[in-house]
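Here's a quick briefing to read alongside the model. Have the sequence and the 3D view open as you go.

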Amino acid sequence: MDAETLEAARSVAFRYLGYAARSQAEIERRLTKAEFAPDVVAAIVDEFTARGWLDDVKFAQDWVADRADRKRYGKSRLASELRNRGVDKETTQDALDTMDDASELARALAAARPKWRADVMNEADRDTLQSEKRKLAGFLQRRGFSWGIITQVFAELTANTE
């Protein structure tokens, strides 16, 4: 492992981090894809972690805060995204534990309201209403909300239409 190789790997890692925050596993995958030796990859990851440039705990917390608010995603979707980025289960769970149920319900309602046409639902027959509920439930499930949250969303939406 020579200094030139380390500098090249460092440069690749810096460029990759320059686009967006990354997890440790993402940096490892990127450097491996660039065909750096495992000892070089480990050295760069260790260096970046020691300097505070790579921190999976902070990455997971920031990811959850950003995606939950901006994209209105639920806990299971966020957990899946973090797993795909190589964040370990414990770190993922700790980041998700910072979210409370009330804020998750508020996000689910904010995501559901534009899809729920209250004016049409007041006039809808039973079959149409059930069909719209199924569509909305699928939408919310794909966004990562639990069935308990979805049930609360329906209770809120239907209470406002009656």
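What follows covers the overall fold, the surface and one aspartate.

This is a predicted model, where local features need pLDDT of at least 70, side-chain atom pairs count only at pLDDT 80 or more, and totals for chains, interfaces and linings use all residues. Residues are numbered from 1 along each chain as its sequence is written, and side-chain values use heavy atoms, with hydrogens and water left out.

**Fold and shape**
- The chain has ten helices and zero strands, taken as DSSP runs (H or I, at least four residues, for helices; E, at least two, for strands) numbered from the N terminus.
- With a radius of gyration of 22 Å, well over the 15 Å from the globule rule for 162 residues, the chain is more spread out than a compact globule; the radius is taken over C-alpha atoms, and the rule is 2.2 Å times the number of residues to the power 0.38.
- The C-alpha trace spans about 75 × 25 × 20 Å along its principal axes.

**Burial and contacts**
- Of the 162 residues, 40% are buried, meaning under 20% relative accessible area with a 1.4 Å probe, protein chains only.
- Take the contacts (heavy atoms within 4.5 Å) between residues at least 6 apart in sequence: 66% join residues at least 24 apart.

**Aspartate 101**
- Aspartate 101 sits in helix α7, residues 101-112.
- Aspartate 101 is exposed, at 54% relative accessible area, where the cut-off for exposed is over 50%.
- Leaving out residues up to four places away in sequence, aspartate 101 touches Lys75 and Ile149.
- Valine 153 is 52 residues from aspartate 101 in sequence and 12 Å away, C-alpha to C-alpha.
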